[in-house]
Amino acid sequence: MTDWYRKTSWMCLLVVGMTGELMAQDRQILPFEAPPATQETMGKKFTAPPGEPVGPVYVNEIELVNQKIDLTRAMSLACQHNPTLKQARLQVSAELAKSMQAGLYPNPTFTYIGEQIFVDAPGDKDSPGEFQGGKITQRFVTADKLKLSASKYAQRAHVSEHRSVAQQFRVCNDVRMHFYQTLASRSRLMLRMESLKTAEDQSLTVREMYNLGQVKRYDVHKANVQLQQARLQLQQSQHEMRRRLRELNAVIGIPLPLQNLEGKLTPEGEAFTNEFAEAHVLTQSPELSAARAKLRSDEITIQREKVEWIPDIVVSAGSGYNFEAKETVGLAEIQLEIPLYDRNQGTIAQAQSDYFRQCREIERIQQLLRHELAMTYEQYAMSYEHAVEYRDMIVPEMKAAYQELLISYKRDREEWPTVLQAHNDYVQVRLEQIHFEEEFRMNEILIMGYLLKGGLQAAPGAVPPGHIDAVPKPR
C-alpha cells in the first residue's frame, strides 16, 4: 500500500509539472496575451485584457449574384444539358436500329459460272470453254424468323425506354436534392452571420465587464475562443454553400454563376403513410417496368431460338451458253439443310435460363426496393415530425423567450450577456430546424422519385451482363 501511494504521488507531481510547462508554453504562443501581473503591480496598476484575435485565414471569398433561379428552371436546364439523358435516348435509338436490321430480308447473290476454259489451246487458239453463264441465289427465310427477331429488338427498345425514364428520375432527383441542399446551406450561412455578430457583441461585452472588474481573464480568453469559433463556422458555411452550388451545376450540365435560389425547405401538407410509399414505389418504379419489359423480350427470344433450327430454303437460278452444243441452256438448284444433329438445343436452353433468371431478377428488384424504402421512410417520417415540431412549437417558443429577455434588458431587469446567450440558443434551434427540414426534403424526393439517384451515372443497357446478345446477324 505504501509503495502504491508513493508511486501515485510521484505521478501526480509529474503531471502537475507538465501542466505548468504547458501553461507556460501557452502564454508564449498566444500573440494577444497581456503581460501577467506581478507582486509589485497587483492592485496598484491596471492590467490590460488579452487582445482580440485576428480573423482566420480564408482561401477565397464567396460571391452572391443577384440572379434568381427556381427548382423548375434548374430541372429544365438539366433536361437540356445533362449528358446521361442524351445517352439514354440514344440507347433507345440503337435498339430500334437493331430491330430494323434484324427484320431485313437477306440480299440475293449473283454468281458467274465459266466451265472448262482453256488458255493457249492446241493450235494457238483460245477457247471460251464449255459453258459461260451466271446464276442468282436467294435465301427464303422460314418460320417467321425475321419477324420474331425484329419483335425481340423492338421489345428491347421498350426496355431502353423504361431505363431512359428511370434516368430522367435520377437526374431530376439529383437536381432537387442538390437544390434543397443549397437552400439549406444558404440558410445556415445566414444564421452563422447572426451567430458571428452575437459572438462579437459577447467579446466586446466581456472586455467591458473585465475593465469594470466584473469578470476574470478566463472569461476574456473564453470569449476570444468563441469569437474565433464563430468565424470558422461562418467560413465553413461559406465553403459548404460553394460546394453545394458546384455540385448542382455539375448535375445540371452547364456552369452557372452562384445563384440566389428561390424555394422553401419547410414541409407543406400532410405526410404520407408507409403503405402509400410502398404502393407508389412498387407499382410505378421504372426499374421494375424495365425488368418486366426485359422478361417479355426473353419470351420472344425463346420463341426465336426454337425456330432457328428450321432450315431456310436456298434457291438458285441462272442461264448460259453451251459452246459444245452451241445453244443457250438454263440451270436451277435448291439447297436445304438437314438438321440431323444441330437443332439449336444449347441456345434454346440458354435462352430459357435467361428467362428464369429474369423472373428472379424482378423479385430481387422488388425486395431491394422494399429494403431501401424501409430506412428511407423511417428517416422521412422522423424528419417530418421533427421539422413540424420545430416549425410550430420549438422555434416560436425559443424566439419568444429571446424576445422576453430582450424586453427585460431594455427595462433594466436582465443582464446583456444573458440576452446574448438566449440569442445563441435561438440560433442553435434554428440550425437544428434547417437540418431536419433538409433531411425531410431529401427523403421525400427519394420516395416520390422511386429511390433513384446518381444523375451522372450512365443509364444501363437493355441487356444485363451475361445474357445472349452476340450473334453474326441480330436475331
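Reader: Is arginine 170 buried or exposed?
Author: Arginine 170 is buried, at 12% relative accessibility. Buried means under 20% relative accessible area, exposed over 50%, and partly exposed in between, using a 1.4 Å probe and protein chains only.

Reader: Ok, and what kind of model is this?
Author: This is a predicted model, where local features need pLDDT of at least 70, side-chain atom pairs count only at pLDDT 80 or more, and totals for chains, interfaces and linings use all residues. Residues are numbered from 1 along each chain as its sequence is written, and side-chain values use heavy atoms, leaving out hydrogens and water.

Reader: Which side chain does arginine 170 meet in a salt bridge?
Author: That of glutamate 287, at 3.4 Å from N to O. A salt bridge here is a side-chain nitrogen of Lys or Arg within 4 Å of a carboxyl oxygen of Asp or Glu. Glutamate 287 lies in helix 7 and arginine 170 in helix 4 (residues 145-211), so the pair ties together parts 117 residues apart in sequence. Helices (H or I, at least four residues) and strands (E, at least two) are DSSP runs, numbered from the N terminus.

Reader: How exposed is glutamate 287?
Author: Partly exposed, with a relative accessible area of 27%.

Reader: Switching topic: how many salt bridges are there?
Author: The count comes to 20.

Reader: What's up with aspartate 312?
Author: Aspartate 312 forms a salt bridge with arginine 139, with the closest N and O atoms 3.6 Å apart. Aspartate 312 is buried at 15% relative accessibility, while arginine 139 is partly exposed at 40%.

Reader: Which residues are linked in a network?
Author: Arg139, Lys145 and Asp312, through salt bridges.
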